[in-house]
Amino acid sequence: MTVSREIRLKSRPSGLPTADNFELARVDLPDPSPGQVQVKNTWMTVDPYMRGRMNDVRSYTPPFQLGQALQGGAVGEVTASNDPSLKTGDLVQSFFGWREAFNAPAAAVQKLDTHGLPPQAFLGFAGMPGLTAYVGLLRIAELKAGDVVFVSGAAGAVGSVACQIAKLKGHTVIGSAGGSQKAGFLREIGVDHAIDYKAERDLTAALMRAAPEGIDVYFENVGGAHMEAALAAAKTFGRFALCGMISEYNNTDLGQGVRGLVQVVGKSLTLRGFIVSNHTDMQDAFVKDLAGWVAAGKIQSRETVKEGIENAPAAFLGLFKGENLGKMLVRLN
Ligand code: NDP
């Protein structure tokens, strides 16, 4: 028997989740059955979309079940194999995060070839968040030469990659993030105008100063005042890639609404939401472009790391308090 620990959803949050919504449970894992592998996770990710799965509502992913381990991306090492496709020591990626170890059919995990990158990069800039930035800019916003691009949540996992891809493609980029340290990071990654939105009394005025002639593209991660500022600053025929609206995920009602939405009509704006899992056909192009950018030393990444499965809920809660610079991760020992 192998002893593992996992985080379960104890109760459904109303509004901002708290530590009391989670429980740490101990599990005894038998040896893997035929066709199965046993994996010890080394890294797991926490992501904002997981908040939606804590509600008992139909969405693009089913809700987490009470009393059961949460799910999410993880990388780990095969510690026992009862299937010829994988052997002890293989590095694998899976959707069995939020637990230290697990047994699963070999077909439910993917062997990971890191191409020299650290394994946890595949939970961040080289994984789902990176692909999200790529899809949002290139397919959803249909980035064109000369576009002025505004990115909110710019110092986070998705936003920091979006800023860098837009810079690599030669655009003027305005990034917004909370706090002077994050604004400093945005300048380090080449953002032309870094807005510390927490230091601005009037975000719309700050965006107008950064883009006096307006923005062509808005990569939306935050919602609320950021959306209102982007609507005000948008040029005619502006394109908005609606990736996320984290400021609304803990609302218990429909919230305040967006002021100035009427500008979508007058400015002939295109607002298009997307879910990255509907665009996996772009994965190969993303991997190829990313490999070139990484080889040329043109992509920077940051991680904020919490240690141990017992701190996974705190890592998740930290996303809603802006505690992460770059990708929020949990290292499992
Ligand atoms: P981040 O790494 O950006 O972490 C979340 C950040 O959001 C925090 O660090 C904080 O940054 C900011 N934030 C939190 N609460 C608020 C608030 N109330 N108001 C303003 N900012 C807030 O997360 P990800 O990069 O993983 O995700 C970014 C966005 O992309 C999210 O909305 C997420 O849901 C979405 N997403 C969408 C996908 C899709 O398929 N459409 C796929 C992946 C992510 P700060 O300190 O700067 O405020």
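The protein in this predicted model is divided into two parts: domain 1, covering 2-124 + 301-331, and domain 2, covering 128-278. Both domains give residues to the shell around the ligand, so the ligand lies between them. Here is a quick tour, starting with the domains and then moving to the ligand.

**How the domains meet**
- Taken over C-alpha atoms, the centres of domain 1 and domain 2 are separated by 29 Å.
- Contact between the two involves 21 residues of domain 1 and 16 residues of domain 2.
- About 1,400 Å² of area is buried between domain 1 and domain 2, and carbon and sulfur atoms give 60% of that area.

**Who surrounds the ligand**
- The ligand is surrounded by 26 residues, and the closest are K182, Y197, Y249, V276 and N324.
- By residue type, the shell around the ligand divides into 16 nonpolar, 9 polar and 1 charged.

**Backbone contacts and burial**
- For N221, a backbone N or O atom lies 2.9 Å from an oxygen atom of the ligand.
- At C243, a polar backbone atom is 2.9 Å from a nitrogen atom of the ligand.
- F274 also takes part through its backbone, with a polar atom 2.8 Å from a nitrogen atom of the ligand.
- The ligand exposes 910 Å² when taken alone, and the protein buries 90% of that.
- Helix 2 (128-140) and helix 3 (157-168) are the elements that give two or more residues to the shell around the ligand.

Notes: Residues are numbered from 1 along each chain as its sequence is written. This is a predicted model: local features need pLDDT of at least 70, side-chain atom pairs count only at pLDDT 80 or more; totals for chains, interfaces and linings use all residues. Side-chain values use heavy atoms; hydrogens and water are left out. A residue is near a molecule or strand if one of its heavy atoms lies within 4 Å of it. A polar contact is a pair of N or O atoms within 3.5 Å; within protein, one must be able to donate a hydrogen and the other to accept it, and residues adjacent in sequence count only if both atoms are side-chain atoms. Accessible areas come from the Shrake-Rupley method with a 1.4 Å probe; for residues, only the protein chains shown count as cover. Helices (H or I, at least four residues) and strands (E, at least two) are DSSP runs, numbered from the N terminus. Ala, Val, Leu, Ile, Met, Phe, Trp, Tyr, Cys and Pro count as nonpolar, Asp, Glu, Lys and Arg as charged, and the others, Gly among them, as polar. Domain bounds come from an automatic or database domain assignment. Contact means heavy atoms within 4.5 Å. Buried area is the accessible area (1.4 Å probe) that two parts lose on being put together, summed over both.
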